Amino acid sequence: NAPQCCIDVKAELAELYLQFQQYDKAKALLNDSISAGPETFRDLEANTKMLCLFAELYQNVQRWEDAKSLLVQCWSFQQRLLTMANTSGKNMEPLEKTTANICYNMGLVSL
C-alpha cells in the first residue's frame, strides 16, 4: 500500500497547489507523478487521477484545448478501469463517480 499512499499524498499536494494557484509547482508534481509503466489497475487509477488534476490546472489557466486533450485521455483510462473493475467484481461506485466528473468537465471545456 506504500505506492498507493504516495499517490494519494501527491494528489493531495497537487490539489493544494491548484487551490493556492501555484500552477508551476502543480505542473511539475503532476508531470513527475504520471506513470509510463505497466497498465495495472492501480497504475491506470493513479494516472487517471493525476491527469484529471492536470486538466483542472489547464482549466484554471484557461488552456481549454489542453484540458480537453487530457480529459480525453482520462476518459480512455477510465473506460479501461471500468472494464477491469466490472470483470473483477470491484466496487463500481467510486469509478462511476469519477467517470461522471470526467464527463462533466469535458462538457465544461467544450463550451
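## A quick tour

Let's start with Leu 13, which sits in helix 1, the stretch covering residues 2–19. Keep in mind that this is a predicted model. Is Leu 13 buried or partly exposed? Its relative accessibility is 34%, so Leu 13 counts as partly exposed, a label for values between 20% and 50%. Leu 13 also belongs to a nonpolar surface patch with Leu 16 and Phe 20, and together the three have about 290 Å² of accessible area.

Now for the inside. The largest nonpolar core is made of 28 residues, and Leu 30, Met 50, Leu 53, Tyr 58, Leu 70 and Leu 95 have the most contacts within it.

| Element | Residues |
|---|---|
| Helix 1 | 2–19 |
| Helix 2 | 23–33 |
| Helix 3 | 41–60 |
| Helix 4 | 64–88 |
| Helix 5 | 93–110 |

Helix 3 is the top contributor to this core, with 10 residues. Zooming in on Leu 30, and skipping its neighbours within four places in sequence, you'll find it in contact with Ala 14, Met 50, Leu 53 and Phe 54.

Helix 4 deserves a look too. Its 25 residues reach 35 Å from first C-alpha to last, close to the 36 Å expected at 1.5 Å a residue. Buried residues in helix 4 include Leu 70, Cys 74, Phe 77 and Gln 78. What do the buried residues of helix 4 pack against? Their partners are helix 3 and helix 5. After helix 4 comes Gly 89, with a positive phi near 80 degrees.

Key. Residues numbered from 1 in each chain as written. Predicted model: local features only at pLDDT ≥ 70, side-chain atom pairs only at ≥ 80, totals over all residues. Heavy atoms only, no water. Patch = residues over 30% accessible without salt bridge, like charges linked within 9 Å, V, L, I, M, F, W, Y side chains within 5 Å. Areas by Shrake-Rupley, 256 points an atom, 1.4 Å probe, with all protein chains shown as cover. Salt bridge = Lys/Arg side-chain N within 4 Å of Asp/Glu carboxyl O. Helix = DSSP H or I, 4+ residues; strand = E, 2+ residues; numbered from the N terminus. Buried < 20%, exposed > 50% of the residue type's maximum accessible area, 1.4 Å probe, protein only. Core = buried A, V, L, I, M, F, W, Y, C linked by side-chain atoms within 4.5 Å. Contact = heavy atoms within 4.5 Å. Expected span 1.5 Å × (residues − 1).
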